[in-house]
Amino acid sequence: MLVTPNFPTDYSSWGAQDLSARRRQQIRQVRQAPAEAGTVVEERASGWVGAVIGVEASGGMKVVRLEDRRGKVRAFPLGFGFLIDGEPVELVPPVPKKPEPGLRRTASGSVAVERQRARTARASRIWVEGTHDAELVEKVWGEDLRHEGIVVEPLHGADDLVAAIAEFQPGPQRRIGVLLDHLVPGSKESRIAQQAMSLPGAPGNVLVLGHPYVDVWQAVKPQRVGLQRWPDIPRGTDIKVGTLRALGLPHANQRDIAHGWKQILGRVRSYADLEPTLLGRVEELIDFVTVD
């Protein structure tokens, strides 16, 4: 028995095809991502990975400028061909943020108090280990601290903390909040903190808190400098020197270290760029020393 093949009666799919149609459909399905400053992006064609530092007009088109972890900058046309966390995206210009009428927030996220002079400095103080710690606190909480009349002072190391507290003679109106690096069980800093809190007048008038990082640099989110995580520095290597070496930045002397820190600090815009383990400690210290 001869069987007649059941051919389709719709011949619209036969003949020449628009092979780019499927590609256009796939492109339309890629999500749009605003090129917000600090967003880490990979340009697929070149493999260039960098943090967005700006969007600008060039040659009649919009381009995004990406800075890699070594501080080098390249510009690419906005649009398709980018990855964020491995996901294909279409980069688009960021949407300008409209401030809420009559409401402005400080870098720490608190509501700013407008048209009010800074308070005269209180006797209470916040002490941090070094200059870099003080600069970071000032960058994020400086406006709040000036409003509250709180001065932040660097200790230049934790070794003399006990003697400094004894000399300061803390009391109910002369409180001290101390922020230490690497305050973890068994560390040198934890032993110093215990000694400090055993001093006469310390309980209730001194609060020693800390973060787990060996240096406050690591309290900045690594994505702000184009990294997924901060590098592991071998024991015996200065953490600042090792970090700058891993970032491919000059690290031969103190001037290099100071310049490297300025680059890192310059990436910090607000509290959102810092690790929660630091945020909570600083906020608690501010609350402690501003009790009237």
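**Ground rules.** I number residues from 1 along each chain as its sequence is written, and I work with heavy atoms for side-chain values, leaving out hydrogens and water. Since the model is predicted, I ask for pLDDT of at least 70 for local features and 80 or more for side-chain atom pairs, while totals for chains, interfaces and linings use all residues.

**Aromatic pairs.** I paired rings of Phe, Tyr and Trp (its six-membered ring) with centres within 6.5 Å; planes under 30 degrees apart are stacked, over 60 edge-to-face, the rest tilted. By this rule I get 3 aromatic pairs. One of them joins Phe76 and Phe82: the centres are 6.5 Å apart and the planes stand at 85°, so I log the pair as edge-to-face.

I then looked up burial (buried is under 20% relative accessible area, exposed over 50%, partly exposed in between; 1.4 Å probe, protein chains only). Phe76 is buried at 6%. Phe82 is buried at 2%.

Next I checked Trp217 and Trp261. They are stacked, with 5.8 Å centre to centre and 20° between the planes. Trp217 sits in the loop between strand E11 (206-210) and helix H5 (239-246), and Trp261 in helix H6 (residues 254-266), so this pair ties together parts 44 residues apart in sequence. My helices (H or I, at least four residues) and strands (E, at least two) are DSSP runs, numbered from the N terminus. Trp217 is buried at 2% relative accessibility. Trp261 is buried at 0%.

**Charges over rings.** I counted NZ of Lys or CZ of Arg within 6 Å of the ring centre and within 35 degrees of the ring normal. The charged end of Arg174 sits over the ring of Phe168, 4.1 Å from its centre. Arg175 lies over the face of Phe288, 4.3 Å from the ring centre.

**Helix H5.** How many residues of H5 are buried? I find 6 of its 8. They are Ile239, Lys240, Val241, Gly242, Thr243 and Leu244. These buried residues pack against helix H2 (131-148) and H6, with contact meaning heavy atoms within 4.5 Å. At the start of H5, a side-chain oxygen of Asp238 comes within 2.9 Å of the backbone nitrogen of Lys240. After H5 comes Gly248, with a positive phi near 75°.

**Ala164.** I located Ala164 in helix H3 (residues 161-168). Ala164 is partly exposed, at 21% relative accessible area. Its C-alpha atom is 9.4 Å from that of Ala196, 32 residues apart along the chain.

Definitions and conventions. Polar contact = N/O pair within 3.5 Å; in protein donor to acceptor, adjacent residues only side chain to side chain.
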